[in-house]
Amino acid sequence: MKEKIIRLMKMIIAIQANPGITANMLAEKCEVNPRTIYRDLELLTTVVPILNEGKNTGYRFEGNFNIFPLDFNEQEALAFLLLPSFINKDKLPSGFESAYDKVISAHFKEKRQQNNIIHNIADIIQMGIPSYQKESNNFLENIIQATIELRSIETVYHTQYRDETTARRIDPYFLVPRDQKFYLIGYCHMKKEIRTFRISRFLKVDITDQTFEKNHFSIRQYFKNTWSIERGDKNTRFKVRFKEDVARYVKEKELFVHPRITDESDGSIIFEVTVNNDKEFIKWLLRYGPDAEVLEPQAVREQLKEKLNKWNQIY
């Protein structure tokens, strides 16, 4: 099986490098008979768009399909860099050294371009500074790079509600912006579960050489019934009337949840949604003041009445 996989990769590379290559030529490159090549081509065409337009036309990729850029990982790049030390140079064909140099040059060019893109993205995204900090520790570039390359990060993180600082290894899955703040969703090896981390609370972020897999993790499933970023464990269904002046702004809010919105004849809307953190949802509702009326649940209406009474006593 291993030999077959290697042969299939050789065939893909050969077809890309030599559009129109024949089955006999592929057989010669792979050191097998043409019948084996035909069987392999039949398998490849189920996953790769290989085109053959008739007898003696050879094989090519359809459209713009290709396997470049090289996109070596660190281990692959190291193996390729060490390749000349394992080869008898006297037996190398002419042109090998120049071809090798071109491949290495292409690899480092890709890495520079990728790093420049990540740096520019991190530089464009401007984050606020918590009032207790004199300056911002911007680890966004390292986090973006680790997220793209699926590499773990070693961090020092401050948990605000416990006023506790801990060292953690995290597999970064997704970056989520919320209310002028950035959050990292990832697997925490210390807690052994998926956690949400606020970027501004990282005191240290180092990229490691250890890679990871997301294992079919779904960000939408993770945030199911989560209003903003803080997940709860008890679902509450809300029914809210928003007045006409704010209805259009409520409609354009980007959410992980799926509310049911009903337009009323007076321009207001009825907004129905189930959330797993009622405190977070109520905090958002209060921004709209009297333009948002909670119709259900009744217990929340009573809470808001009590809060209003306390405000009246203060003001």
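**Arginine 301 and beyond**

A: Arginine 301 has a relative accessible area of 24%, so it counts as partly exposed. The class needs a value between the buried limit, under 20%, and the exposed limit, over 50%. Keep in mind that this is a predicted model.

What does arginine 301 pair with? Its side chain meets that of glutamate 293 in a salt bridge, with N and O 3.3 Å apart. Glutamate 293 has a relative accessibility of 33%, so it is partly exposed as well.

**Other charged pairs**

The count of salt bridges comes to 12. A pair qualifies when a side-chain nitrogen of Lys or Arg lies within 4 Å of a carboxyl oxygen of Asp or Glu.

Take lysine 251 and aspartate 263. Their side chains form a salt bridge with an N to O distance of 2.7 Å. The pair ties together distant parts of the chain, 12 residues apart: lysine 251 belongs to helix α8 (residues 244-251) and aspartate 263 to strand β9 (residues 260-263). Lysine 251 is partly exposed at 43% relative accessible area. Aspartate 263 is exposed, at 52%.

A further group involves three residues. Glu149, Arg151 and Asp209 are joined in a network of salt bridges.

Now a pair away from the surface. Arginine 7 and aspartate 40 form a salt bridge, and their closest N and O atoms are 2.5 Å apart. Arginine 7 sits in helix α1 (residues 2-17) and aspartate 40 in helix α3, so this bridge links parts of the chain 33 residues apart. Are these two partners buried or exposed? Both arginine 7 and aspartate 40 are buried.

**Helix α3**

The buried residues of α3 (residues 34-44) are Thr36, Ile37, Asp40, Leu41 and Leu44. Viewed down the axis of α3, they fall within an arc of 135°, so they line one face of the helix. An α-helix has 3.6 residues a turn, so residues three or four places apart point the same way. The other side of α3 carries Arg35, Arg39 and Glu42, which are exposed. The N-terminal end of α3 is capped by asparagine 33. One of its side-chain oxygens lies 3.0 Å from the backbone nitrogen of arginine 35.

Helix α6 (residues 140-149) is another matter. Buried residues make up 7 of its 10, so α6 is largely enclosed by the rest of the structure. They are Leu140, Ile143, Ile144, Gln145, Ala146, Thr147 and Glu149. Glu149 also takes part in the salt-bridge network with Arg151 and Asp209. After α6 comes leucine 150, with a positive phi near 55°.

What touches valine 205, beyond residues up to four places away in sequence? Its contacts are Phe139, Asn142, Ile143, Ile153, Glu154 and Thr155. Of these, Ile143 is among the buried residues of α6. Valine 205 itself lies in strand β7 (residues 202-211). It is buried, at 2% relative accessibility. Valine 156 is 49 residues from valine 205 in sequence, yet their C-alpha atoms are 6.9 Å apart.

**A buried loop residue**

Serine 228 lies in the loop between α7 (219-222) and β8 (236-242). Its relative accessibility is 9%, so it counts as buried. The limit for that class is under 20%. Setting aside neighbours within four places in sequence, serine 228 contacts Arg178, Asp179, Phe223, Phe256 and Glu280.

**A nonpolar patch**

The surface also has a nonpolar patch of about 610 Å². It is built from Leu286, Leu308, Trp311, Ile314 and Tyr315. Leucine 286 comes from the loop between α9 (278-285) and β11 (292-296). At 34% relative accessible area, leucine 286 is partly exposed.

**The whole chain**

Of its 315 residues, 34% count as buried. Among contacts with a separation of 6 or more, 57% join residues 24 or more positions apart. The chain exposes about 21000 Å², and carbon and sulfur atoms supply 49% of that area.

Technical notes: Residues are numbered from 1 along each chain as its sequence is written. This is a predicted model: local features need pLDDT of at least 70, side-chain atom pairs count only at pLDDT 80 or more; totals for chains, interfaces and linings use all residues. Side-chain values use heavy atoms; hydrogens and water are left out. Buried means under 20% relative accessible area, exposed over 50%, partly exposed in between (1.4 Å probe, protein chains only). Helices (H or I, at least four residues) and strands (E, at least two) are DSSP runs, numbered from the N terminus. The arc is that of the directions from the helix axis to the C-beta atoms. A polar contact is a pair of N or O atoms within 3.5 Å; within protein, one must be able to donate a hydrogen and the other to accept it, and residues adjacent in sequence count only if both atoms are side-chain atoms. Patches are made of residues with over 30% relative accessible area and no salt bridge: like charges are joined within 9 Å, nonpolar side chains (Val, Leu, Ile, Met, Phe, Trp, Tyr) within 5 Å. Accessible areas come from the Shrake-Rupley method with a 1.4 Å probe; for residues, only the protein chains shown count as cover. Contact means heavy atoms within 4.5 Å.
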